[in-house]
Amino acid sequence: GGWRCWRGADGAALRWCISGVLCASFLGLGMSIAVLGPTFPNLAANVRKNVSDIYYIFVGRSLGSLAGSVVGGVLFDCMNAALLLALSMLGTAAGLYGIPWCKESLLLTVLMSVIGGSMGILDTGGNVMALNTWGSEAGPHMQALHFSFAVGAFLAPILATVDSGGSKSEELAKAEKTNQSVLAPVPTASAASTTPAPEDHQDGNFLWSYIIIGTYILLISVFFFVLYSKTNSARDKSKASAQKGKRAKHHWPLIGLMFVFFLFYVGAEVTYGSYVYTYAVVFAEMAESEAAALNSVFWGAFAVCRGAAIFGAAVLAPVTMIIMSLVCSAASSSALAFFAHYRASLWAGTAVYGASMATIFPSGISWVEQYTVIEGKSASLFVVGAALGEMCIPVAVGYLQGRFHDVPVVMYTAFATSVMTVLLFPVMHKLANAPQDSDAQVVSESETRKALLSNSRLTEDEEDEEEVREWNDADFEVIEMNDKLKNSLTDTSLRISGDAPAEASLQPHPDDILGDAPVVAGGSPGRQNGNVDWEK
């Protein structure tokens, strides 16, 4: 009953308000993540450490994000979504306000973990809230959600380096544009470690970037509290209860494969974005400015395609968008793995690869939601898979690249992960379209109805036949009554005619009167009377 209030003009306006607040929150999420890169040297200076010695703050934020995704998935199923997201935004704002004044590395790591946990809750809950709000119409809104994240990740480095005047900070800002996903990869920290600690004149910009982003996120949390006052948990519970019958037959195997699918996809996205600059300098022997331009082409195509997908999702089914993305990813990664020594192939492959990565995550969530219920726990597994891919695959590539200097590991990784996603999706599609038990029950119920109808028809036919038999029996009884009546009339007429007692005694049995009547009449004078009686 709670979702009935979403019908009509007021309900439509409320849904659009929810989408707007969610997009604004994801823009803040992107800024919160991306601001760390350009300000990383300042953080090291604040805690009196070298940049290379505080890499563990990335680990702390990653672990916090994983924990937040899991905890958020559980909490999202038992409390109001808007309230949970409002509290997570408050936690993010509090962490951002505290970081500029943090003077201890341990406290900095704790604050990073708090921010990571809050962002994990937002990343999980935001996707589920968008699905619950729009249902089958969620496609464009999911794309807008993740496009807002990309815009935020693009704006934060610009905000962090405004009026800084430091060329090193500008380079860091460009490098940080490569971080468009949920967690900051370890390579970002190692890249930042090559930059010396900033001078004191940068502290003002460092401080205000965190204050501005924190204030923006605090404002968004107020909007979530307003939404909480307009909605209630009964709506969410009624929605969940209404969707329980839509659970796929292989729900958890499907969710598990989506977990692996997102692990490879996000891992490949972050790995290529983090290492393409190094590849261009080392293997393609590009100048640093040209390598930075190649890196920008990747993320520029990524952001533009995500923006275009908002409109594309309105006319294309999620499965169509996924197939198009997988085909383009396979083709471009093949070109990058085997033909990257050609400059044209490198530039074109990078652009197409970035575009093909843009829509897979939001389209994947919209696609699986068509076949099964996506609750908080399911969405948290998607985010955890993406986070693990972002943590593990770049680290593995960095390790292998250090061991095999002459092998372009990043390109082969892009090809391998593309092959894995191309192989996984048909299996997931097969599981998603498996006939459900409820479908079998419907079939059996229809067969039962048919059997009952046929039995009822048979019963009606038997009743008709029984009725016919009864009528036949009644006819036979009438015929017997008529025969007895005729016999009695014959007997009476014989007595009245004055025949001799001997003739009367010779009268045949009534049962044989039809066949023996001529014999009884003999040549007696009563023959005429007998004939007259039979004629009568």
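Biologist: Before we dig in, which pLDDT do local features need here?

Modeller: Since this is a predicted model, side-chain atom pairs count only at pLDDT 80 or more, totals for chains, interfaces and linings use all residues, and local features need pLDDT of at least 70. Residues are numbered from 1 along each chain as its sequence is written, and side-chain values use heavy atoms, with hydrogens and water left out.

Biologist: OK, how many salt bridges does the structure hold?

Modeller: We call it a salt bridge when a side-chain nitrogen of Lys or Arg sits within 4 Å of a carboxyl oxygen of Asp or Glu. By that rule, the count for the structure is 3.

Biologist: Which residue forms a salt bridge with D77, and how far apart are the closest N and O atoms?

Modeller: D77 lies in the loop between helix 3 and helix 4, while its partner lies in helix 16, so the pair ties together parts that are 300 residues apart in sequence. Helices here are DSSP runs (H or I, at least four residues), numbered from the N terminus. The partner is K377, and the closest N and O atoms are 3.2 Å apart.

Biologist: And where does R48 lie, and which side chain does it meet in a salt bridge?

Modeller: R48 comes after helix 2 and has a positive phi, near 60°. It lies in the loop between helix 2 and helix 3 (56-76), and its partner in the loop between helix 4 (81-98) and helix 5, so parts 56 residues apart in sequence are tied together. The N to O distance is 3.8 Å, and the partner is E104.

Biologist: Is R48 buried or exposed?

Modeller: Buried means under 20% relative accessible area, exposed means over 50%, and partly exposed is in between (1.4 Å probe, protein chains only). R48 has a relative accessible area of 60%, so R48 is exposed.

Biologist: What about helix 2 itself: how many of its residues are buried?

Modeller: Helix 2 covers residues 36-46 and is mostly covered. Its buried residues include L36, F40, L43 and N46.

Biologist: Where is T124 found, and which residues is it in contact with?

Modeller: T124 is found in helix 5 (residues 105-134), and it is buried, with a relative accessible area of 1%. Contact means heavy atoms within 4.5 Å. Leaving aside neighbours within four places in sequence, T124 is in contact with S69, G73, G376, A379, S380 and V383.

Biologist: Which elements give two or more residues to the nonpolar patch?

Modeller: Patches are made of residues with over 30% relative accessible area and no salt bridge, joining like charges within 9 Å and nonpolar side chains (Val, Leu, Ile, Met, Phe, Trp, Tyr) within 5 Å. This one is on the surface, includes F338, Y399 and L400, and has about 820 Å² of accessible area together, by the Shrake-Rupley method with a 1.4 Å probe, where only the protein chains shown count as cover for residues. L400 qualifies as partly exposed because its relative accessibility is 35%. The elements are helix 13 (318-339) and helix 16 (376-403).
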